[in-house]
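Thanks for coming, everyone. Please have a look at the model on the screen, and then I'll walk you through the fold.

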Amino acid sequence: MTKEDSNLQEELLTRDRDALEEPPLYKVLLHNDDYTTMDFVVMILETIFNKDSTEATQIMLDVHHQGMGIAGVYTREIGETKIAQVHRLAKSNQYPLKCSLEKNC
């Protein structure tokens, strides 16, 4: 391999590396309502968002006192999947719990 070939290969590798970008991240927000129980919200946070009991309780209290809480920060596709799981589980348990996705600044 000549020096020119080596330089060209290095330039291509550098361009490829520079072209890779991290995907944008989104916050999954849980919204307060007057019907969903606190225990159910904690269970959602533990099972769907893999939070430990202490963190799940703190997020639930944020939802209760501030009207919403951040369940997690994910890529768009993962966030949308988690929201669908929450809505499906809430509906099957007859709760109106809602989630939304917000771009993480």
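Contact means heavy atoms within 4.5 Å.

A word on what you see. This is a predicted model, where local features need pLDDT of at least 70 and side-chain atom pairs count only at pLDDT 80 or more, while totals for chains, interfaces and linings use all residues. Residues are numbered from 1 along each chain as its sequence is written, and side-chain values use heavy atoms, with hydrogens and water left out.

Now the parts list. The protein chain has four helices and three strands. Along the sequence, the pattern reads α-β-α-α-β-α-β. Both kinds of element are DSSP runs, numbered from the N terminus: helices are H or I with at least four residues, strands are E with at least two.

In what order do the three strands of the open sheet lie? The order is β2-β1-β3, and the pairing is antiparallel. Strands count as paired if DSSP finds at least two bridges between them. The edge strands are β2, residues 68-75, and β3, residues 98-103; each pairs on one side only. On average, neighbouring strands of this sheet are turned by 30° against each other, direction ignored. For angles, axes are lines fitted to C-alpha atoms, for helices over the stretch in contact, and values run from 0 to 180 degrees between N-to-C directions.

Let's take β1, residues 25-31. Seven bridges join β1 to β2. Leu-25 stands opposite Thr-75 in β2. Val-28 faces Gly-72, also in β2. On to β3: six bridges join β1 to that strand, again antiparallel. There, His-31 has Lys-98 as its bridge partner.

Is β1 largely enclosed or open? Five of its seven residues are buried, so β1 is largely enclosed by the rest of the structure. Buried means under 20% relative accessible area, exposed means over 50%, and partly exposed is in between, with a 1.4 Å probe and protein chains only.

Helix α3, residues 53-66, lies across β1 and β2. The helix runs at about 125° to β2.

Next, two loop residues. Asn-50 sits in the loop between α2, residues 38-47, and α3. Its phi is near 55°, a positive value in a residue other than glycine. Asn-50 is exposed, because its relative accessible area is 62%.

Gln-94 is in the loop between α4, residues 76-92, and β3. Gln-94 is not a glycine either, yet has a positive phi of about 60°. At 73% relative accessibility, Gln-94 counts as exposed.

Last, the surface. The accessible surface of the protein chain comes to about 7400 Å². Carbon and sulfur atoms account for 51% of that. Accessible areas come from the Shrake-Rupley method with a 1.4 Å probe; for residues, only the protein chains shown count as cover.
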